[in-house]
Amino acid sequence: PVEKYTKQLFEIDPLNHFARFEKYLRNQSEKSKKDFADGFQNELPEQNILEIGVHYANLSLKEESALAFDLLPNNAIANIWLAYLQPQNKENYLQKADLISSEYVFPFRRETIAALESASEYKSAWKFNYYLALNYWAKGRFTEADELMKACGQEPDHFAFYLARADLSEKLNNEDELSELTKASQMAPSEWRIDNRLIAYYLEKGENEKALKASSKAFKKYPLNNSIESKHVKALLQAGQGKSALKIIQTINILPFEGASEGRSLYENAHLMVAVDLMKSKKYDKAMELLKEAEKWPENMGVGKPYDPDHRAIDFLMAEAYRLKGNIKQANQVYQQILDYGNSRPSRITALFELMSAKALNDEDRLSSLITELEQDKGEVSKWVLSLYNGQTNEDIPGGRNELKTKLFNSYFSK
């Protein structure tokens with residue numbers, strides 16, 4: 001019967017790993033083992049094998065499950081599973097697992113927790129606590145993960161542990177994040193991921209001088225690294241160095257990936273910052289040239305142009321430039337274009353451009369409606385928008401994804 005159903009599976013799905021493993025179980029020769037192993041053509045074949053082992057364990061087929069894990073003699077999680085499935089050989093498998101590097105070990109399956117808990121209780125080794133913490137973390141059990149991470153102390157000998165503990169500290173708002181990043185940096189001074197996290201830490205904390213110092217060093221240290229380049233541009237913008245940021249953003253190439261919007265955002269913000277500086281110097285024509293460039297979606301920013309992009313920040317500065325040049329008719333057309341784009345939610349910075357455009361056009365109905373929405377919203381962005389509208393300098397700039405824009409327009413309206 002097994003051969004019959006295996007054959008039927010192959011007819012439906014010739015690449016079915018479960019069916020291929022069943023075939024291996026029927027003939028456990030070296031050739032059969034090699035054929036099974038060669039059938040994986042993806043990046044992480046060990047994860048397929050772990051999944052098969054877990055599947056059989058779920059069915060209480062311990063012998064078959066162990067045969068799957070046996071195919072991964074150099075995998076820490078496979079050895080921990082074998083220790084769990086074969087308690088008579090527990091010491092041997094756990095000793096072997098402890099000797100395997102913790103690099104690229106990321107347990108995440110719910111079923112693996114029991115095996116890791118067993119290993120952690122049986123043998124005092126930081127790696128088992130670390131792996132269990134990672135698995136707890138993957139399932140949202142953050143407090144338990146944090147306790148296990150802390151219990152490891154300073155024993156771990158790999159930078160990734162301290163980088164992970166820093167990330168968990170950030171998530172739980174602990175105060176140990178910087179010390180963990182510093183420890184990781186001391187252990188692996190040439191690891192770009194640590195420098196990338198340090199820059200992000202300083203930016204998040206508003207320590208712009210330290211962020212720029214760290215990013216400048218990393219920018220020279222890791223040429224052509226997209227993550228470092230983006231962080232450096234952001235650090236330059238946070239430090240108010242728009243020209244330097246613009247110079248770099250025009251030369252870097254950000255690889256496309258899902259949700260890759262930050263590059264385009266930095267591109268726009270760099271142009272806006274320099275344009276505002278030019279407008280303050282009454283160089284309106286040059287500012288308008290930059291604003292036209294800001295509307296573009298160059299391929300090197302890693303994201304394609306959407307069907308109807310929101311350019312209201314750019315449009316508002318363009319309208320202001322027209323107004324300051326005395327071209328009121330053209331300015332009013334752009335102000336109206338901003339209002340026609342569509343109502344934004346009050347909690348967004350775009351409410352600022354709508355409000356100021358309605359004010360410039362003396363559109364009392366729209367103005368009244370917008371002010372009412374902002375007052376009812378009571379969010380930090382809404383309060384900030386209303387304070388600028390009322391001519392009040394507001395140093396309490398909202399953070400989040402629009403922090404650069406809020407900082408920029410706070411400066412513009414507080415001139």
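Lys 150 is partly exposed in this predicted model, because its relative accessibility of 47% lies between the 20% and 50% limits. Its side chain meets that of Asp 146 in a salt bridge, at 3.2 Å from N to O. Asp 146, at 10% relative accessibility, counts as buried.

Asp 146 is one of the buried residues of H10 (residues 142-151), together with Ala 145, Leu 148 and Met 149. These residues lie on the same side of H10, because they cover an arc of only 165 degrees around the axis. Among the elements covering them are helix H9 (126-138) and helix H11 (159-171), whereas the face turned away from the buried side carries the exposed residues Thr 143, Glu 147 and Ala 151. Just after H10, Gly 153 takes a positive phi of about 60 degrees.

The model holds 24 salt bridges by the distance rule applied here, and three of these pairs are set out below.

| Side-chain pair | N to O distance |
|---|---|
| Lys 150 and Asp 146 | 3.2 Å |
| Glu 293 and Lys 296 | 2.8 Å |
| Glu 170 and Arg 197 | 3.8 Å |

Glu 170 is partly exposed at 37% relative accessibility, while Arg 197 is buried at 15%. In the pair of Glu 293 and Lys 296, Glu 293 is partly exposed with a relative accessible area of 33%, and Lys 296 is partly exposed with 43%. Salt bridges with shared partners also join Asp 167, Glu 170, Glu 177 and Arg 197 into one network.

Terms used. Residues are numbered from 1 along each chain as its sequence is written. This is a predicted model: local features need pLDDT of at least 70, side-chain atom pairs count only at pLDDT 80 or more; totals for chains, interfaces and linings use all residues. Side-chain values use heavy atoms; hydrogens and water are left out. Buried means under 20% relative accessible area, exposed over 50%, partly exposed in between (1.4 Å probe, protein chains only). Helices (H or I, at least four residues) and strands (E, at least two) are DSSP runs, numbered from the N terminus. The arc is that of the directions from the helix axis to the C-beta atoms. Contact means heavy atoms within 4.5 Å. A salt bridge is a side-chain nitrogen of Lys or Arg within 4 Å of a carboxyl oxygen of Asp or Glu.
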